[in-house]
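Student: I want a close look at one part of this model. Please keep the overall picture brief, then go to the pocket.

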Amino acid sequence: MESEDILKQKQKLEVSDILKEAVMLSVRSFNFIIFTFLTSLPLFCMTVYFEIQFQELVETFSINIPDDVRYGYFNSMLDRMNKDYNYLKLIQLGLVYIFPLQILEFGTAIVTVDLASKLNTQQEKKMTLKEMFEKPIDSTKLRGSFLTFVYVVFLTTTHQLGLLWIVINYHIWLKDFSFVVFPVICSLLFAKLLLMYLEWSSMWNMSIVISILEGIYGIEALAHSINFSRACHRKGLFLMLIFFAWGQLLRFSCYYIGGYKQGNGTFIQVGLVCMVIPLKWVVFMIYFNDCKERYLEKKMDVESGKDVRVPQK
């Protein structure tokens, strides 16, 4: 009963509270900052390569659409891809995104969440940098979490391709369409799908945290994530929106100033993105703990309500 009272006394965290608590947990230990910086270096290097290649691909598509026929634009785009950016490089870029880039982010996620959960306890607050690197990760937890990660990558990639398909079709067919209703409908559809993607992404990220902390993997981890976030989905949406907007704002800014041609702009862009990736996983660890507490609290309220009503029947 005492543990139930303590649980009920905990206040519900808002988005600002989660972000503040994540920042406080991250800066509480200078060794944790150094550790996450060092473990994120491989991800930083791979992301720099990916962003340079990706922005060159974006420039390939950024050609003026002829006013007479739309298929002329499509043929011109294909000709330019064959000349300046062949299909082999496009396939290579896709493979880089799916395999080394995603796997490196998974490595950042598992070491960050595992260490942050230890630092969040009273006993592990004063770990040295040497202890952080020597602290082993359970191999069973690593394999199981990787299974959940594979599911998440599949779901994320398919939804991103769907959003990309809408953008390409809008850019080719509807961008300069004289009847304004169709571009508006396409834009509203894209906005709706983007919000759904961000909301689902928060659940997918939570499932990885569940695998790391709870030892629940695969489909079961995704199911637990859906149950825990059922009453907190808007909070997860806003959290994902913050990190998504941060990454896209830096990417578009770098593209418009031609940062990838100079090199320095891309390094700054990727550095700012990689700087918040460990923070993102600390945020979703705290978000998971809050959602789990709310779920258990609601479950206890339902069970206590049943106990009260049974004798009255």
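Student: How many helices and strands are there in the protein chain? And which residues line the second largest pocket, closest to its centre?

Tutor: This is a predicted model, with local features needing pLDDT of at least 70, side-chain atom pairs counted only at pLDDT 80 or more, and totals for chains, interfaces and linings using all residues. Residues are numbered from 1 along each chain as its sequence is written, and side-chain values use heavy atoms, without hydrogens or water.

The protein chain has 13 helices and 0 strands (DSSP runs of H or I, at least four residues, and of E, at least two). Of its 313 residues, 39% are buried (under 20% relative accessible area; exposed is over 50%, partly exposed in between; 1.4 Å probe, protein chains only). Take contacts (heavy atoms within 4.5 Å) between residues at least 6 apart in sequence: 79% of them join residues at least 24 apart.

Now the pocket. The second largest pocket has a volume of about 370 Å³. A pocket here is an open set of points on a 1 Å grid over the protein atoms alone, found with a 1.4 Å probe, with protein on both sides within 12 Å along at least five of seven lines; lining residues have an atom within 4 Å of a point. The volume is the space filled by probe spheres set on the points, which are joined across faces, edges and corners.

Of the 16 lining residues, Thr 36, Cys 274, Met 275, Val 276 and Pro 278 are the closest to the centre. Helices H2 (15-27), H3 (30-39), H4 (41-61) and H13 (264-309) each supply at least two lining residues. H13 gives the most, with 6. The lining has 12 nonpolar residues, 4 polar ones and no charged ones (nonpolar: Ala, Val, Leu, Ile, Met, Phe, Trp, Tyr, Cys, Pro; charged: Asp, Glu, Lys, Arg; polar: the others, Gly among them).

Phe 35 and Phe 133 have ring centres 4.9 Å apart and planes at 65°, so they are edge-to-face. Phe 35 lies in H3 and Phe 133 in H7 (residues 129-134), so the pair ties together parts 98 residues apart in sequence. Phe 35 is buried, at 5% relative accessibility. Phe 133 is partly exposed, at 45%.

Definitions and conventions: Phe/Tyr/Trp six-rings, centres within 6.5 Å; stacked < 30°, edge-to-face > 60°.
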